[in-house]
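I opened my notebook today to get to know a new structure. Here is what I looked up, in the order I went.

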Amino acid sequence: MRRPLVAGNWKMNGLGASLAELRALKDRLAQSPVPEADGMVCPPATLLAQARYMLSGSTIILGAQDCHPLPSGAHTGDISAEMLADAGAAAIIVGHSERRSDHGETDALVNAKASAAYRAGLTAIICVGESEQQRRDGSTLEIVRRQLQGSLPQEARAANTVIAYEPVWAIGSGLTPTPADVAEVHGFIRGELGRLLGQAEAGAALRLLYGGSVKPANASELLFVPDVDGALVGGASLKASDFYAILSAYAGRGAG
Ligand code: PGA
């Protein structure tokens, strides 16, 4: 019942010329669709308007990375959820570990950003995940529990929220947790969501993505773990062929 989602996070990568990759992805999907899963690309904000134009007529969903909690105002350099919606985004990644570490973002701020996404009518993709040290200390579940509790707005529901579990040590490192470790954390998150939202069914309906070094070579191993409903893909989303290869792991199959 949960439709898989593979979302590409371009991070601070992409110039106008990179839209050629988006075109290649669109063409590839037009030739060989993957109706079993949603594909989303989150380019930098500078490319959203052009990407929307490029993607017209395609099934690829457009997303954005980060937003300011307020709708408008004197916040030089910031971009509001409303602006991202206006530029064509349907979703916003919030609470990515790079925002949490580079900009000291707290769970409370992530929560406010997710609420801003809802206010603008967008889906919030809320990221959580433990550091290498926290995994070594055995505190992974405690950290993820605390991040979820702080970052998830009360109004979170399957229709407006996706959770991405991204172990910080797996991001961009080529390292991945074992499928058993992913299953453990995703199962735990599923239970916590039910508790936090006050309804097991609400938790059961939310999509949970795994993120961190997802590549064509490990996609089938990671995407079909129980309670994994897709992936948040960084580096491998920059190349249309790699991103398509990950998305097409779902061709002819359902979610985990
Ligand atoms: P990666 O990044 O796929 O390059 O590891 C994932 C992410 O940060 O979302």
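My entries go from the ligand to one helix and then to a strand and its neighbours.

**Ground rules.** I am reading a predicted model, where local features need pLDDT of at least 70, side-chain atom pairs count only at pLDDT 80 or more, and totals for chains, interfaces and linings use all residues. I count residues from 1 along each chain as its sequence is written, and side-chain values use heavy atoms, without hydrogens and water.

**Ligand.** A polar side-chain atom of Lys11 sits 2.7 Å from a ligand oxygen. Gly234 brings a backbone N or O atom to 2.8 Å from an oxygen atom of the ligand, and a backbone N or O atom of Gly235 also lies 2.8 Å from a ligand oxygen. The protein covers 97% of the 280 Å² of accessible area that the ligand has on its own (Shrake-Rupley method, 1.4 Å probe).

**Strand β7.** I turned to residues 207-211, a DSSP run (E, at least two residues). Five of its five residues are buried, meaning under 20% relative accessible area with a 1.4 Å probe, protein chains only. Arg207, Leu209 and Gly211 lie on one side, Leu208 and Tyr210 on the other.

**Neighbours.** Strand β6 (residues 161-165) pairs with β7 in the parallel sense over four bridges; pairing takes at least two DSSP bridges. There, Ile163 stands opposite Leu208. β7 also pairs with β8 (residues 230-233) in the parallel sense, over two bridges, and Tyr210 stands opposite Ala231.

**Helix α8.** Among its buried residues I listed Val182, Ile189 and Leu193. Just after α8, Gly198 takes a positive phi of about 75 degrees.

How values were computed
Polar contact = N/O pair within 3.5 Å; in protein donor to acceptor, adjacent residues only side chain to side chain. Buried < 20%, exposed > 50% of the residue type's maximum accessible area, 1.4 Å probe, protein only.
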